[in-house]
Amino acid sequence: MPLSPPPLAPAVQSYLASRPWAARWLEWLAGRHYRLVVFPDRARPVVVVAHRGRSPARAEQVARAIERDWAETPARCREAYKDVLELAPGLIVVQLRRKNVCGCLGHRHMIVKEIPFAEPHDAFGGASVGEMDIAFDRVEGWLALPLTDTALDTQFIAGSRRKEFHDQQLRFRLLSVLLHETHHMVSPQASEDVVRERSLTFYREALAHYVENARATLSFTIDRSFSRLGKE
Ligand SMILES: [Zn+2]
């Protein structure tokens with residue numbers, strides 16, 4: 001019986017902790033932090049959110065999107081990315097930035113620049129490494145689907161769950177940018193239109209499903225402002 005490889009995430013975690021103190025000290029000086037995340041329904045890819053320690057809340061939003069929100073999306077949303085995640089590098093480094101000079105939401109990188117992941121290591125168990133960046137502030141301000149986003153916003157605008165709605169919307173956007181760039185990684189020849197269509201469909205359907213559920217639960221709560229708007 002072939003031995004199954006040890007789980008990648010704990011192996012990478014202990015590799016990061018066991019590196020020479022000088023390397024970790026330089027990282028500490030640079031304020032570099034790594035948050036390892038896995039999708040709840042698959043062992044790979046392991047996503048390494050590389051971020052500045054100053055903004056742990058942003059890294060946590062990305063982590064929560066992968067660890068929790070992914071499972072809350074309709075099955076067809078997850079199904080649509082099955083092949084992409086299957087073919088994705090075992091390790092995906094996400095450099096989480098506030099902004100990009102070019103103003104894009106994210107890019108895939110041709111080479112891995114994040115130092116601990118730039119060279120192959122035994123701890124990776126032969127897994128390949130891919131890297132991308134995501135510009136958090138840009139994703140936050142992005143109107144992915146201008147009409148839908150605005151229409152939904154007016155429904156939640158007076159409701160007590162508006163903040164919750166905005167956070168959820170942001171996490172679905174982060175997830176769709178991550179999936180979009182991963183799609184580019186596994187199919188470099190796919191056109192931008194094809195890649196964008198799939199990631200926007202994911203976002204649209206995930207959000208619609210969330211709103212449907214929110215409506216269903218809100219009808220049982222005393223949230224007059226929301227109910228009034230919902231019935232108009
Ligand atoms: Zn693209």
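Strands β1 and β2 (residues 46–52) pair in the antiparallel sense over seven bridges; two strands count as paired if DSSP finds at least two bridges between them. Helices (H or I, at least four residues) and strands (E, at least two) are DSSP runs, numbered from the N terminus. The model is a predicted one, in which local features need pLDDT of at least 70 and side-chain atom pairs count only at pLDDT 80 or more, while totals for chains, interfaces and linings use all residues. Residues are numbered from 1 along each chain as its sequence is written. Within β2, arginine 52 is the bridge partner of arginine 32.

The open sheet comprises five strands in the order β1-β2-β3-β5-β4, with mixed pairing. Its edge strands, β1 (32–38) and β4 (106–109), each pair on one side only. From one strand to the next the twist averages 25°, where axes are lines fitted to C-alpha atoms, for helices over the stretch in contact, and angles run from 0 to 180 degrees between N-to-C directions.

Helix α3 (residues 56–72) packs on the sheet and touches β1, β2 and β3 (91–97); its direction makes about 165° with that of β2. Contact requires C-beta atoms, placed from the backbone, to lie within 7 Å. Helix α9 (residues 162–186) lies across β3, β4 and β5 (129–135), at about 30° to β4.

Valine 37 belongs to strand β1. This valine 37 counts as buried because it has 20 C-beta neighbours inside 10 Å; the cut-offs are 20 or more for buried, 12 or fewer for exposed, and partly exposed in between. Setting aside residues up to four places away in sequence, valine 37 touches Val47, Val49, Ala63, Ile66 and Glu67. The C-alpha atoms of valine 37 and alanine 63 are separated by 5.9 Å, although these residues are 26 apart along the chain.

Definitions and conventions: Two residues are in contact if their C-beta atoms, placed from the backbone, lie within 7 Å.
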